[in-house]
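Please keep the structure in view while reading.

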Amino acid sequence: MYVFGYASLVAAPGARPARLRGHRRVWGVAMDNSVAVPGYKVYELPDGTRPAAAVAFLDLERADDDHAIVDGALMEVDDADLARLDARERQYERVDVSGRIAADGLTGRPVWTYVGRAPGRARVAAGRAGTAEVVVQRAYVDLVEAAFARLGDDALARYRAGTELPPPFPVLELARVDLAVA
């Protein structure tokens, strides 16, 4: 099996270039940073305080134009890898995009990707409407750009052209804090 990454997963070891048809990449999902979930994460400002804002990440949405393309990368995975990714990507749900992927050497095995869950998308919608505070972590922006730069072949330029940039929310220096399992 494969997973198609279009943001931070592009940085995964062994990821190789791929394209997803019929979608576009947007800042479309956010976690509630005011809630500390054991075994998950929160984000803190440099002074150690945790902003009550939602923290946004890149997401996919279906495009009206089936010719719309999202550049990204494929990772080969097994069932254990999928279980780990499902836990990591708790703001997202895994969906099958097998028939929409273009990549060299794709062998007909299933291809999954992760799209934002309704609660995370609602937080972004509230931020866009001005009824909630939403921010983006600078290190996340930098990680995604660096991952696309490593793919080569103008992947970074295509990422920038095919992504809602700059992010529609303030980009802050935030430290990720992984929380212990209860």
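Predicted model: local features only at pLDDT ≥ 70, side-chain atom pairs only at ≥ 80, totals over all residues.

## Helix α1 and the sheet

Helix α1, residues 79-88, lies across β1, β6, β7 and β9 (111-116), and it runs at about 10° to β9. The open sheet has 6 strands in the order β7-β9-β1-β6-β2-β8, with mixed pairing. Because β7 (92-96) and β8 (101-102) stand at the edges with a single partner strand each, one side of each is left without a neighbour in the sheet.

Within this sheet, β1 (residues 2-5) and β6 (residues 69-76) pair in the antiparallel sense over 4 bridges, and Gly5 has Ala73 in β6 as its bridge partner.

Asp78 sits in the loop between β6 and α1 and is partly exposed, at 40% relative accessibility. The side chain of Asp78 reaches the backbone nitrogen of Ala80 at 3.1 Å, while the C-alpha atoms of Asp78 and Met1 are 6.3 Å apart despite a separation of 77 residues in sequence.

## Salt bridges

The whole structure holds 12 salt bridges. In one of them, Arg84 and Asp81 have their closest N and O atoms 2.5 Å apart; these residues lie 3 apart in helix α1, which means a separation of about one helical turn. Arg84 is exposed, at 53%, whereas Asp81 is partly exposed, at 22%.

Arg121 forms a salt bridge with Asp59, at 2.7 Å between the closest N and O atoms, linking helix α2 (residues 118-129) to strand β5 across 62 residues. Arg121 is partly exposed, at 32%, but Asp59 is buried, at 1%. Arg19, Asp71 and Arg158 are linked in a salt-bridge network.

How values were computed:
Residues numbered from 1 in each chain as written. Heavy atoms only, no water. Pairing = 2+ DSSP bridges. Helix = DSSP H or I, 4+ residues; strand = E, 2+ residues; numbered from the N terminus. Contact = heavy atoms within 4.5 Å. Axes fitted to C-alpha atoms, helices over the stretch in contact; angles between N-to-C directions. Buried < 20%, exposed > 50% of the residue type's maximum accessible area, 1.4 Å probe, protein only. Polar contact = N/O pair within 3.5 Å; in protein donor to acceptor, adjacent residues only side chain to side chain. Salt bridge = Lys/Arg side-chain N within 4 Å of Asp/Glu carboxyl O.
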